[in-house]
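This briefing concerns a single protein model and is intended for a reader who will inspect the coordinates directly.

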Amino acid sequence: MDKIMVVSCEKVKKVYKVTLEDSPLYPDGKGGQLGDRGTIGNNNILSVEKNCVFLDGEVQLGENDLYIDFDRRKDIEVQHTAQHLFSALAYNKYSLNTVGFRMAEEYSTVDLDSKDLTEEVIKEIEKMVNDAIKISIPVETSIVKKEEAMTIEGLRKTVSEKVTGDVRIVTIGELDTNACGGFHVSNSCQLQIFKILSWEKIKGNYTRFYYVAGERALEDYYDKNKLVGELCRTLSCRENEINIMLDKVISDKKSAELELRSITQKYAEILAKDLMNNSENINGMKLVFYPENSMISNFLPKYIDLSEYILIFGESGQFTVTSKKINCKDYFDFLKTTEEVRGGGNESRVNFKGDLSEDLVFQQLKVYLSKL
Ligand SMILES: [Zn+2]
């Protein structure tokens, strides 16, 4: 267990901001990388900034135990070195420049400065990265003065003018030389496997690649394989038949929906006749009530003679009143005087909702009609 000096500790909302002396912790997001995690005293490190961390509990000032999660750091090394290899091979073979990098907890992204990469090219770069992993290339770092760094030939990216002090140079055999302050593995074979998950065009001219490497890639393969197995069981088919089966399921669903729609429409036509025959007469006006919000109720206005009848349908606090016999908007205004309702519409149709029972809405409509 390492030791760390805590200089200050203050509560910020529900967490504690802790200033450290000579923090060995890698900050979140620096160079696109994930930051370190671990514990200080008995408290978990939630996030890391330069010389300061956020903890989930209070810590005493002075010397404290520090535990750094090195499994996480190993994963960070793997994902980050994978980015070096991917960027290097895309540059070496296709002159593509890396214009962005971000590591997240589940995957990482690299942005290349082209929008026209074919699937073949992408597959080729992925293969080259995996070939480089296979032949175990040492990854070496050296510290040089900035002036010296500026003169190194074959540097993938020139050292920024903003950099001050010494520069760390990371080389992967003959493949790559680049200035970088992040974490790296010591040999390409530690990456195990590199997999591009997907890619998309961004900012008009760039392509963003989502990738995983090492344990993350193995975990991803395990998950995808499990998913494929589940799909095969659900669809009762082999792996290579999943697409065909899904096309069939979607096409069957479409046909069933069309058939259901047609049957519903026919049923609504028959039901409308029955509802009109059994309508309630209020103050000389014929009222039809259908207590449902369904495909059937949506077809009813088509088959109920709205110049003669007033149709109200709905349930669970959501209703529609439609007719040419009354001013539906006027009824809605009447309802608003006693009930809390939201909605609107026009003279021949209003839709509204509120905490209203079917009974109440129907009774209020009857009261309204009896006053006309
Ligand atoms: Zn690096």
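The model is predicted, so local features require pLDDT of at least 70 and side-chain atom pairs pLDDT 80 or more, while totals for chains, interfaces and linings use all residues. Residues are numbered from 1 along each chain as its sequence is written, and side-chain values use heavy atoms, with hydrogens and water left out.

**Zinc site**

- Four protein donors, His 80 (NE2), His 84 (NE2), Cys 180 (SG) and His 184 (NE2), lie 1.9 to 2.1 Å from the zinc ion. Donors are N, O and S atoms within 2.8 Å of the metal (3.2 Å for Na, K and Ca), and sites may look incomplete because water is not among the atoms.
- The site is tetrahedral, with angles of 97 to 122° among the four donor atoms; four donors receive that label if all angles lie between 85 and 135 degrees.
- Along the sequence, the donor residues follow the spacing H-x3-H-x95-C-x3-H.
- His 80 belongs to helix α1 (residues 70–94) and His 184 to the loop between β11 (176–179) and β12 (194–202), so this pair ties together parts that are 104 residues apart in sequence. Helices (H or I, at least four residues) and strands (E, at least two) are DSSP runs, numbered from the N terminus.
- Both His 80 and His 184 are buried. Buried means under 20% relative accessible area, exposed means over 50%, and partly exposed lies in between (1.4 Å probe, protein chains only).

**Cysteines**

- The count of disulfides is zero, a disulfide being a pair of cysteine sulfur atoms within 2.5 Å.
- The closest cysteine sulfur to that of Cys 189 is in Cys 180, 19 Å away, which is too far for a bond.
- Cys 180 is buried, at 15% relative accessibility, whereas Cys 189 is partly exposed at 36%.

**Largest pocket**

- The largest pocket has a volume of about 850 Å³. On a 1 Å grid over the protein atoms alone, a pocket is an open set of points with protein on both sides within 12 Å along at least five of seven lines, and lining residues have an atom within 4 Å of a point. The volume is the space filled by probe spheres set on the points, which are joined across faces, edges and corners.
- Of its 28 lining residues, Gly 31, Ala 179, Cys 180, Gly 181 and Gly 182 are the closest to the centre.
- Helix α1 and strands β7 (98–103), β10 (167–172) and β11 each give two or more residues to the lining.
- By class, the lining has eight nonpolar, 14 polar and six charged residues. Ala, Val, Leu, Ile, Met, Phe, Trp, Tyr, Cys and Pro count as nonpolar, Asp, Glu, Lys and Arg as charged, and the others, Gly among them, as polar.

**Positive phi angles**

- Gln 192, in the loop between β11 and β12, has a positive phi near 60° although it is not a glycine; it is partly exposed, with a relative accessible area of 41%.
- Ser 236, another residue other than glycine, has a positive phi of about 50°. Ser 236 sits in the loop between α4 (214–235) and α5 (242–277) and is exposed at 63%.

- Leu 46, in strand β4 (residues 43–49), is 41 Å from Glu 153, C-alpha to C-alpha, at 107 residues apart in sequence.
- The C-alpha atoms of Ser 251 and Val 53 are separated by 55 Å, with the two residues 198 apart along the chain; Ser 251 lies in helix α5.

How values were computed. Four donors count as tetrahedral if all angles lie between 85 and 135 degrees; four count as square planar and six as octahedral if opposite donors are over 155 degrees apart and all others between 65 and 115; anything else is irregular. On a 1 Å grid over the protein atoms alone, a cavity is a set of points where a 1.4 Å probe fits but cannot get out, and a pocket is an open set with protein on both sides within 12 Å along at least five of seven lines; lining residues have an atom within 4 Å of a point.
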